[in-house]
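User: I am new to reading models like this one. Can we go through it piece by piece?

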Amino acid sequence: MPSPSLACLVVCVVCVLFLATRAEAAEPDQAGLVTAIEGQAQAVSPDGARRTLALESPVSKGDRLETGANGVLRITLQDGTSITMQAETSLKINDFLYKNQNPGAMTMVVTFLAGVCRLVTGEIVKHNPEQYKVNSPYATIGIRGTEIGSRITAQGQLVALLSGSPISVTDNKGEARMIAQPDYGVDAPANAPLSSPRPLTEEEKRLFAKQVFRQQMNSMRLQMLLQSNRPTFRPGRF
C-alpha cells in the first residue's frame with residue numbers, strides 16, 4: 001500500500017498536469033499582453049463580448065482593441081511586436097501564429113481601424129515577412145523589420161517610417177509608394193491617389209513620438225513571459 005507522502009506526491013503531479021493542460025488549451029488564440037496602459041481601454045472579442053483591459057490582460061486573435069478619450073495602451077505580442085495605441089484608437093488582431101510554429105507558418109495580421117498607432121516589429125517578420133501584414137481601410141503596409149506610425153481619420157491615413165528598413169504603402173487600387181527615409185510619410189486620402197513620400201511635420205513627429213507610461217509591466221517580467229512563449233524550433237536550423 002503506498003505511503004501517505006507518496007499518495008500526496010501523485011495527487012500533486014496530477015494536479016500540475018491538469019492545470020498545465022488547461023492552460024495549454026486556453027492559450028492557442030492568445031496573441032500577447034497589455035504591457036502598459038493609462039486611462040480606459042477595452043477588448044471586443046469575435047462574439048461581441050467586451051472586457052476592460054488592465055496591465056497584463058491577455059489579448060487574442062480576433063480581438064478588436066479600443067482606447068477611450070483618455071486612454072493610451074501598449075500591447076506586446078508573443079514574438080516581441082509592440083503596438084502603442086493613443087486615445088480614441090482602434091485596431092483588430094486578425095490573425096496571429098507564433099508559439100510552437102515552424103517559421104513558414106508564423107503569421108501576424110493586424111488592421112489599424114482608427115486613430116494613431118506606433119508599431120515596432122518583432123520576430124515573425126524576420127522569419128516569414130510575407131505573412132507579417134498591417135492593413136487599414138485605406139492601404140496595406142509592407143514591412144521588413146522597422147518602426148512605423150499610422151494616423152487614420154475619416155479623411156484618410158498617414159503612414160510614416162520612423163526607423164529601420166524601408167516600407168511600402170499600397171492603396172486599395174493597387175497603387176504603391178516606397179518610404180525609404182526615416183521621418184518621411186505617405187498620405188493615403190479617402191478619395192484621391194497616394195501622395196509621394198514627404199517629410200513629416202514637427203507636429204507629426206511629436207504625434208508618433210514614444211509614449212511615456214506611468215503604469216507599465218516590469219521589463220524583467222515581460223522578458224520572462226516572452227521567453228515562455230517562444231517557439232520550440234531552434235533558429236538557424238531552417
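User: How many contacts beyond four places in sequence does the model have for residues 232-238?
Analyst: This is a predicted model, where local features need pLDDT of at least 70, side-chain atom pairs count only at pLDDT 80 or more, and totals for chains, interfaces and linings use all residues. Residues are numbered from 1 along each chain as its sequence is written, and side-chain values use heavy atoms, without hydrogens or water. In residues 232-238, pLDDT (the predictor's confidence in each residue, from 0 to 100) stays under 50. Contacts (heavy atoms within 4.5 Å) beyond four places in sequence number 8.

User: And how many such contacts go with residues 6-26?
Analyst: pLDDT stays under 50 over residues 6-26 too. Where pLDDT is low, the predicted coordinates should not be read in detail. For residues 6-26, the number of contacts beyond four places in sequence is 2.

User: What is the mean pLDDT of the chain?
Analyst: Of the chain's residues, 83% reach 70 or more. The mean pLDDT is 86.

User: How many strands are in the chain?
Analyst: Helices (H or I, at least four residues) and strands (E, at least two) are DSSP runs, numbered from the N terminus. The chain has 4 helices. Its strands number 17.

User: What share of the residues counts as buried?
Analyst: Buried means under 20% relative accessible area, exposed over 50%, and partly exposed in between (1.4 Å probe, protein chains only). The chain has 238 residues. The buried share is 42%.

User: Is Gln42 buried or partly exposed?
Analyst: Gln42 sits in strand β2, residues 41-44. Beyond four places in sequence, it contacts residues including Arg50, Thr52, Leu65 and Glu66. Its relative accessible area is 28%, so Gln42 is partly exposed.

User: How far apart in space are Val212 and Ala36, C-alpha to C-alpha?
Analyst: Val212 is in the loop between α3 (202-207) and α4 (219-228). Its relative accessibility is 71%, so Val212 counts as exposed. Val212 and Ala36 are 176 residues apart in sequence. In space, their C-alpha atoms are separated by 9.3 Å.

User: Is Glu88 buried or exposed?
Analyst: Glu88 lies in the loop between β7 (82-85) and β8 (90-97). Its phi is near 55 degrees, a positive value in a residue other than glycine. Relative accessibility is 58%, so Glu88 counts as exposed.

User: What is the relative accessible area of Asp183?
Analyst: Asp183 belongs to the loop between β15 (176-179) and β16 (184-189). Its phi is near 65 degrees, also positive in a residue other than glycine. Asp183 is partly exposed because its relative accessible area is 31%.
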